[in-house]
Amino acid sequence: MSHTEPRLDDQTMAELREIAARYPQPRSGLLPMLHLVQSAQGRITPEGIEACAEVLGITAAEVSGVATFYTMYKRRPVGDYHVGVCTNTLCAVMGGDQILERLKEHLDVGNDETAPKRPEDEATVSLEHIECNAACDYAPVMTVNWEFMDNQTPESAVQLVDDLRAGREVRSTRGPKICTWRQAERVLAGFNDGLADEGPSAGPASLAGREVAAQHGWSAPQAKVDDK
């Protein structure tokens, strides 16, 4: 086992066991457990893999197989703020490809890399292209630590990462204040930060169809019931 990172502390080990205990089958807790590892160590470390395996009574290879399957689990350190740019079809044609290229140039990084911290920076930023943010009605869309930044342009994207690096407060276009990568990972592990209701649950573009239906008195057809 690599020793580049220290063993997880007692509190984190206790929280890993707490997550596993939420489920009838403890192994079902592996995904949030991996998010907790990232919250504690900034990435998926060999020590974190061993800890999850120990708690769940499975092999490190089984944990590693899950950790390497999902792109949200990082094997290399990411920035304090992890920026994702959607490059799927609609976002791409609306400007997502240009946004990604501009940020690569501006930050001097490739995909899934962290920009070097300059003397004037308060925080670090990493960059990733994302296949789909499931927010086509706001294309082109970016995320910062999985919070949405809607209707972006290359210019607004550059301003965004500059604000993040400078330590200025940034809010999602949907309302919530952007927290750090590690704080976001702790929330994904299932630990409430008390901010779940900050910002709207859906924006106007997402609700437009429902509003038109209400104006015209439209409703979904009743499901047919088979009497046989």
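Cys136 counts as partly exposed because its relative accessibility is 44% (buried means under 20% relative accessible area, exposed over 50%, partly exposed in between, with a 1.4 Å probe and protein chains only). The model is predicted, so local features need pLDDT of at least 70 and side-chain atom pairs count only at pLDDT 80 or more, while totals for chains, interfaces and linings use all residues. Residues are numbered from 1 along each chain as its sequence is written, and side-chain values use heavy atoms, with hydrogens and water left out.

**Cysteines**
- The structure holds zero disulfides, a disulfide being a pair of cysteine sulfur atoms within 2.5 Å.
- Cys136 is in no disulfide, and the nearest cysteine sulfur, that of Cys132, is 4.9 Å away.
- Cys52 is buried, with a relative accessible area of 0%.

**Aromatic pairs**
- A pair of aromatic rings is described by the distance of the centres and the angle of the planes.
- Rings of Phe, Tyr and Trp (its six-membered ring) pair if their centres lie within 6.5 Å; planes under 30 degrees apart count as stacked, over 60 as edge-to-face and the rest as tilted.
- The count by this rule is three aromatic pairs.
- Phe69 and Tyr70 form an edge-to-face pair, 4.9 Å centre to centre with 80 degrees between the planes.
- Trp146 and Trp181 form a tilted pair, because their ring centres are 6.2 Å apart and their planes are at 55 degrees.
- This pair links distant parts of the chain, 35 residues apart: Trp146 is in the loop between strand S4 (142–144) and strand S5 (147–149), and Trp181 is in helix H7 (residues 181–188). Helices (H or I, at least four residues) and strands (E, at least two) are DSSP runs, numbered from the N terminus.
- Trp146 is partly exposed at 23% relative accessibility, whereas Trp181 is buried at 2%.
- Phe69, Tyr70 and Tyr73 are linked into a cluster by ring pairs.

**Surface patch**
- Leu31, Phe69 and Tyr70 form a nonpolar patch on the surface, with about 320 Å² of accessible area together (Shrake-Rupley method, 1.4 Å probe).
- Patch residues have over 30% relative accessible area and no salt bridge; like charges are joined within 9 Å, and nonpolar side chains (Val, Leu, Ile, Met, Phe, Trp, Tyr) within 5 Å. A salt bridge is a side-chain nitrogen of Lys or Arg within 4 Å of a carboxyl oxygen of Asp or Glu.
- Leu31, in helix H2 (residues 30–41), is partly exposed at 35%.
- Phe69 is exposed at 63%, and Tyr70 is partly exposed at 38%.
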